[in-house]
Amino acid sequence: MRNASVVTEFILLGIPHTEDLEAMLFVLFLSFYIFTLMGNLLILLAIVSSTRLHTPMYFFLCKLSVCDIFFPSVSSPKMLFYLSGSSRAISYAGCVSQLFFYHFLGCTECFLYTVMAYDRFVAICYPLSYTIIMSHRVCGVLAMGTSLFGCIQATFLTTLTFQLPYCGPNEVDYYFCDIPVMLKLACADTSALEMVGFISVGLMPLSCFLLILTSYSRIVYSILQIRSAEGQRHAFSTCSAHLTAILLFYMPVVLIYLRPTPSPWLDATVQVLNNLVTPMLNPLIYSLRNKEFQREKL
């Protein structure tokens with residue numbers, strides 16, 4: 001990627017309207033970050049150490065936990081660094097890296113949720129063929145595919161953003177480098193790129209969401225065909241955790257990228273929830289809603 005900019009670094013201004021709250025926010029966000037890392041590491045430890053959990057569902061959950069460890073790590077360390085009173089400056093390359101890895105991990109999770117919905121669809125609608133359809137090879141290909149397509153999407157969005165010249169203001173009115181705030185600093189007309197970015201960021205999650213919706217429509221139909229009330233409860237319980245995690249993931253995406261009128265304070269608040277709170281809640285959601293995890297005493 002060619003750097004045509006005379007700007008060598010950017011200044012992260014942080015979350016708007018939070019002046020004089022740095023110490024409180026530092027303690028709060030550090031707590032969220034630590035709990036996020038610990039919770040997802042415990043999920044990984046439980047899955048790796050227990051042969052009972054060596055199934056496709058928990059294989060994908062294991063990758064989700066890895067993403068949830070790295071996803072908040074893209075922006076949180078730098079945010080905690082300047083909340084503690086250190087420099088708010090971030091290099092041009094650091095800003096590019098933040099944007100790339102944020103969208104790489106975010107897109108990977110989006111594709112991963114789709115794959116997990118497909119896994120639940122096969123498990124409930126074709127239980128007798130489940131082990132054949134979701135073989136180790138298929139699971140490996142699907143897991144690698146989520147990262148590959150996430151990388152392609154992130155590369156496109158990063159290239160789209162940083163091919164613009166940045167030759168004037170370098171103050172980012174946000175707490176990390178993201179597409180909407182970076183486009184405001186570009187020394188060129190960004191209207192066409194904003195539309196392309198809007199379609200790209202909106203089309204990919206929408207496509208994944210429609211695939212998830214299709215899978216769960218078939219799942220609900222199959223569950224309703226089960227005559228046993230106990231069987232229906234068990235089938236619904238295996239899907240409820242995934243559905244909760246999907247809602248927590250997609251709501252911030254819609255609020256941040258698909259609203260016609262941006263609001264810096266609202267966007268920053270939603271991003272904090274998306275970057276720190278959701279990855280912290282995922283281990284709780286999956287461990288509390290799955291009997292296998294309860295048996296492992298997580």
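Predicted model: local features only at pLDDT ≥ 70, side-chain atom pairs only at ≥ 80, totals over all residues.
Residues are numbered from 1 along each chain as its sequence is written, and side-chain values use heavy atoms, with hydrogens and water left out.

Fold first. We've got 11 helices and 3 strands, taken as DSSP runs (helices H or I, at least four residues; strands E, at least two) and numbered from the N terminus. Reading from the N terminus, the order goes β-α-α-α-β-α-α-α-β-α-α-α-α-α. Of the 298 residues, 50% are buried, meaning under 20% relative accessible area with a 1.4 Å probe and protein chains only; exposed is over 50%, and partly exposed is in between.

Now the rings. There are 16 aromatic pairs in the structure, counting Phe, Tyr and Trp (its six-membered ring) with centres within 6.5 Å; planes under 30 degrees apart are stacked, over 60 edge-to-face, the rest tilted. Take Phe 100 and Phe 101: their ring centres sit 5.1 Å apart with planes at 80°, so that's an edge-to-face pair. Phe 101 itself is partly exposed, at 41% relative accessibility. Elsewhere on the list, ring pairs tie Phe 71, Tyr 102, Tyr 174, Tyr 175 and Phe 176 into a cluster.

Last stop, helix 8, which covers residues 191–224 and includes Leu 203.
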